[in-house]
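Colleague: I'm new to this one and would like to learn how to read it. Could you take me through it feature by feature?

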Amino acid sequence: MQRLGIVHTVSQLAPTFAELAGELLPGVELAVIADELLLKRTVCDGAIDVVTRTRLHGHVAALAEFGVDAVLVTCSSVGGVADEIALRTAIPVVRVDRPMAERAITLGQRIGVLATLPTTLAPTTELVGTAARGAGRDVEVVSRLCDGAFAALERGERQRHDEIIAEELDRLAGEVDVVVLAQASMARIAAARAGGGTPVLSSPRLAMEHLANVRAAC
């Protein structure tokens, strides 16, 4: 792997993934596309529309034409479209939450999914179920929405955003074997809870570790 394409729908996540790439994929050139309209349209409509689907297809096609060896789509809300694209593209196209879901099903039977947006909660919950069925595992998925967290973040109240997530996470962790944080933007919450207790998974590092394994296998 010489070049990795990354599609962000939240431009503020770019430094997080760049740092992980430097650690886990040394020497790999990043080609980054940030298109916040993909997420904004999905949140506004409550679902992925034709324009969003077409734009994401176009971004991946442009990266493939540029010569990347794989593409990572870092937005869980459009993960289903990333899966569609992967079936039609010669290079690997990875949705950011898939490695996390695949790890989660190995850690317990009751799996909690936490998100700040309904448009992310539903796809990640579905993905966990799909991953379990594919692996022949019987799991129960408990999904929770962190009501008010996304609105706080949009107001610039990052601390309040984190507090709402942490409060809901504490409640959910007592009911399940493992918790997955559905959005890459929630990764710092998992980092803050490092230690014992219920495992809490976030997607950025697991996705980049997956790509590192893909690179090693080539």
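Modeller: Let's start with handedness: a crossover is right-handed if, with the strands pointing away from the viewer, the path from the first strand over the helix to the second runs clockwise. Helices (H or I, at least four residues) and strands (E, at least two) are DSSP runs, numbered from the N terminus. Here, strand 1, helix 1 (residues 14-24) and strand 2 form a right-handed β-α-β unit. Bear in mind that this is a predicted model, where local features need pLDDT of at least 70, side-chain atom pairs count only at pLDDT 80 or more, and totals for chains, interfaces and linings use all residues. Residues are numbered from 1 along each chain as its sequence is written, and side-chain values use heavy atoms, with hydrogens and water left out.

Colleague: How do I read strand pairing, and which strands does strand 1 pair with?

Modeller: Two strands pair if DSSP finds at least two bridges between them. Strand 1 runs parallel to strand 2 (residues 29-34), with six bridges joining them. Within that pairing, Val7 has Ile33 as its bridge partner. Strand 1 also runs parallel to strand 3 (residues 70-73), this time with four bridges. There, Ile6 stands opposite Leu72.

Colleague: Is strand 1 largely enclosed or open?

Modeller: For that we use burial: buried means under 20% relative accessible area, exposed over 50%, and partly exposed in between (1.4 Å probe, protein chains only). Five of the six residues of strand 1 (residues 3-8) are buried, so the strand is largely enclosed by the rest of the structure.

Colleague: And where does Thr9 lie?

Modeller: Thr9 is in the loop between strand 1 and helix 1. With a relative accessible area of 4%, Thr9 is buried. Contact means heavy atoms within 4.5 Å. Leaving aside neighbours within four places in sequence, the contacts of Thr9 include Asp35, Glu36, Thr74 and Cys75.

Colleague: How is the chain divided into domains?

Modeller: Domain bounds come from an automatic or database domain assignment. In this chain, domain 1 covers 3-96 + 205-217, and domain 2 covers 98-202. Their C-alpha centres lie 20 Å apart. Between them, 18 residues of domain 1 are in contact with 15 residues of domain 2.

Colleague: What is the strand order in the open sheet of four strands?

Modeller: The order is 6-5-7-8, with parallel pairing. Strand 6 (140-145) and strand 8 (200-201) are the edge strands, each pairing on one side only. Six bridges link strand 5 (residues 110-115) to strand 6 in the parallel sense. Val113 has Ser143 as its bridge partner in strand 6, and Leu114 stands opposite Arg144. Strand 5, helix 6 and strand 6 also make a right-handed β-α-β unit.

Colleague: Helix 6 came up there. Is Thr124 buried or exposed?

Modeller: Thr124, which lies in helix 6 (residues 118-134), is buried, with a relative accessible area of 1%. Not counting residues up to four places away in sequence, Thr124 touches Ser76, Asp97, Val113, Val180 and Ala182. The C-alpha atoms of Thr124 and Gly79 are 8.1 Å apart, although the two residues are separated by 45 residues along the chain.

Colleague: Last one: which ring does Arg3 lie over?

Modeller: A charge sits over a ring if NZ of Lys or CZ of Arg is within 6 Å of the ring centre and within 35 degrees of the ring normal. Arg3 lies over the face of Phe66, at 4.1 Å from the ring centre.
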